[in-house]
Amino acid sequence: MNLSSNELRRLLTTSDPTVLDELGAEARRLRDEIYGRRVFIRGLIEISNHCRNNCLYCGIRRDAACRRYRLAPEQIMDCCRTGHALGFRTFVLQGGEDAWFTDEKLCALVGDIKREFPDSAVTLSLGERGRESFARLREAGADRYLLRHETADRDHYALLHPAAMSFDHRMQCLADLRDLGFQVGAGFMVGSPGQTVDTLLKDLAFIADFRPEMVGIGPFIPADGTPFEHEPAGSVEITLRLLAIIRILHPRVLLPATTALGTLHPTGRERAVEAGANVVMPNLSPQDTRALYAIYNNKLSTGSEAAESLTDLRLRMQAIGYEMPVARGDFQIE
Ligand code: SAH
């Protein structure tokens, strides 16, 4: 398939509804060839909504007036126990940049999870840290790290983040994580304020060049109490086209059907899988904290988005022809 930048520009801007069918067919073919008709599951544990950063789009930014919580390590272990019994073999620990979680505490926690569940992968998604910190976490046994680059355009980055945050540092983190042997996840929001076709083309070029093992994309959704609270949400259709394009540009990528997509569209997850996605990340956080990790409005954490409803989700995937194996679901090296 020709994916020159002119063609990508056309695919992203045309109102022709058949482009998604064509992109999806090619994306499915490539994914099925490498991974089969399988969707990998990750148990998402939202460990804290305390954050020292002040990203303009995020509902748990420092200045947000939200109620704050953090899980104790023993609560996180309990989430993993529940998840392992349900069939999860990857645990994703995500949170704001919370200084309470020092390297010592996180390394002890990662070590405990890996000892109790040696057959499972641990993914961290805790924002930017120093190279030394990443190195210690890797030594403690963490397998993967998700850190969306958010945008590959420096000026756009500056529009989405406060001056104290730097595009170069975020990119440096991704390079360090790669260098330290993590499976690395990058990604971006679709339709974030200030995004243009040109910034998207830079995101795609970055992905084609860096080739992250994982790419998380989902529509931007406004969050109350943030500077972008009145901005429009991103487009489901464009998100689906981008999922397919990313699969075609980087066929081996692990590509989640994100919660944001499920939040904007009732069958968003299924449509994402049909556009080439092959990962879902149901919520494994304690029930009473789920609503507090409100990075955007109306974020789903119930129904098929909840880890307890895995059977439900499995049936939905089977209905469109996909298995959900009990497996770590690692990046498939050539
Ligand atoms: N502190 C971690 C985790 C952030 S939450 C980090 O910095 O990596 C995970 C992702 O949610 C973010 O990377 C961002 O791309 C996405 N996100 C945040 N606010 C959002 C919003 N309003 N709409 C859609 N996605 C959002």
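Author: By class, five nonpolar, one polar and two charged residues line the second largest cavity. The classes count Ala, Val, Leu, Ile, Met, Phe, Trp, Tyr, Cys and Pro as nonpolar, Asp, Glu, Lys and Arg as charged, and the others, Gly among them, as polar. This is a predicted model, where local features need pLDDT of at least 70, side-chain atom pairs count only at pLDDT 80 or more, and totals for chains, interfaces and linings use all residues. Residues are numbered from 1 along each chain as its sequence is written, and side-chain values use heavy atoms, with hydrogens and water left out.

Reader: What volume does the second largest cavity have?

Author: A cavity is a set of points, on a 1 Å grid over the protein atoms alone, where a 1.4 Å probe fits but cannot get out; lining residues have an atom within 4 Å of a point. Grid points are joined across faces, edges and corners, and a volume is the space filled by probe spheres set on the points. Among the residues lining the second largest cavity are R269 and E305. Its volume is about 30 Å³.

Reader: Which cavity does the ligand take up?

Author: A molecule sits in a cavity if more than half of its atoms lie within 2 Å of its grid points. The space taken by the ligand is the largest cavity.

Reader: Which side chain has an N or O atom 2.5 Å from an oxygen atom of the ligand?

Author: A nitrogen atom of the ligand is 2.7 Å from a polar backbone atom of I221, but that is backbone. The side chain with an N or O atom 2.5 Å from a ligand oxygen is that of E150.

How values were computed: Polar contact = N/O pair within 3.5 Å; in protein donor to acceptor, adjacent residues only side chain to side chain. 1 Å grid on protein atoms, 1.4 Å probe; cavity = no way out; pocket = protein on both sides within 12 Å on 5 of 7 lines; lining within 4 Å.
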